[in-house]
Amino acid sequence: MNKKILLWYARKRLWCGLPWTFTKYGISEDRFFVESGLFNTREYEVRLYRIMNVNLHRTFLQKIFGLGTVHFDSSDKDLGCFDIKNIRDSEDVKEILSQQVEKERQRNRVTAREYMTEDGPVHGDEIGEDDGDISGGDEEE
């Protein structure tokens, strides 16, 4: 993540707020990055226009230590729905992400649409991916 110009960068923190983990998050103008691992590292990136929903969740302990978890619903095939857990200034991060996502969706002329089926609402993007399946796993670390 060092070679990219980032608008925001942070480490995942332990439940008590200490940054002793090997997971790093970053936001550039058009992408969101997750890098994890010490010896075997994995780096994921999601184009911001693929993110459809951003939510903030804060447990009682997270509030005490000034942390929060931001949840994403995305149409990305690798990450799907995912969380950035235990980050400082989570309300500000959620707002930065929401603004950047909206800016990228407008720049790429992408609109999210929701339509009803017999099974309930299905989400999709107007970029050729009309399969309506954005399910993904919420992995706990």
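Let's start at Asp 89, which is exposed at 52% relative accessibility; by that word I mean over 50% relative accessible area, with buried under 20% and partly exposed in between, using a 1.4 Å probe and protein chains only. Asp 89 sits in the loop between E7 and helix H2, residues 90–107. Those labels come from DSSP runs, numbered from the N terminus: helices are H or I with at least four residues, and strands are E with at least two. Asp 89 also has a positive phi of about 50°, although it isn't a glycine.

Quick housekeeping: this is a predicted model, where local features need pLDDT of at least 70 and side-chain atom pairs count only at pLDDT 80 or more, while totals for chains, interfaces and linings use all residues. Residues are numbered from 1 along each chain as its sequence is written, and side-chain values use heavy atoms, with hydrogens and water left out.

Back to phi. Most residues other than glycine have a negative phi. Asn 86 is another non-glycine with a positive one, about 50°. Asn 86 belongs to strand E7, residues 82–88. Buried or exposed, this Asn 86? Buried, with a relative accessible area of 15%. And after H2 comes Arg 109, whose phi is positive too, near 55°.

Now H2 itself. The helix has 18 residues and reaches 25 Å from its first C-alpha to its last. That's close to the 26 Å expected at 1.5 Å a residue, where the expected span is 1.5 Å times one less than the number of residues. Which residues of H2 are buried? They are Ser 90, Val 93, Leu 97, Gln 100, Val 101, Glu 104 and Arg 105. Look down the axis of H2 and these buried residues fall within an arc of 135°, so they line one face of the helix; the arc is taken from the directions from the helix axis to the C-beta atoms. As a reminder, an α-helix has 3.6 residues a turn, so residues three or four places apart point the same way.

Leu 97 brings us to the core. By nonpolar core I mean a set of buried Ala, Val, Leu, Ile, Met, Phe, Trp, Tyr and Cys residues joined through side-chain atoms within 4.5 Å. There are 19 residues in the largest one, and those touching the most other members are Trp 8, Phe 32, Phe 72, Ile 84 and Leu 97. At least two residues of this core come from each of E1 (8–11), E2 (23–27), E3 (31–36), E5 (51–57), E6 (67–74), E7 and H2. Take Phe 72: leaving aside neighbours within four places in sequence, its contacts include Phe 32, Ile 51, Val 54, Ile 84 and Leu 97. Contact here means heavy atoms within 4.5 Å.

Next up, the sheet. Four strands form an open sheet in the order E1-E2-E3-E4, with antiparallel pairing; two strands pair if DSSP finds at least two bridges between them. E1 and E4 stand at the edges, each with a single partner strand, so one side of each has no neighbour in the sheet.

Going across from E1, that strand pairs with E2 over four bridges, and Tyr 9 has Gly 26 as its bridge partner in E2. E1 has a covered face, Trp 8 and Ala 10, and an uncovered one, Tyr 9 and Arg 11. In a regular strand the side chains alternate between the two faces of the sheet.

E2 and E3 are joined by five bridges, and they form a hairpin with three residues between them. Ile 27 stands opposite Phe 32 in E3. Then E3 is joined to E4, residues 42–47, by six bridges. Across that pairing, Arg 31 stands opposite Arg 47, and Glu 35 stands opposite Glu 43. In the hairpin of E3 and E4, which has five residues between the strands, Gly 37 takes a positive phi near 110°.

How much of E3 is buried? Five of its six residues are. Ser 36 lies in this strand and is buried, with a relative accessible area of 10%. Not counting residues up to four places away in sequence, Ser 36 touches Phe 22, Thr 23, Thr 41 and Arg 42. Its C-alpha is separated by 6.3 Å from that of Lys 24, twelve residues apart along the chain.
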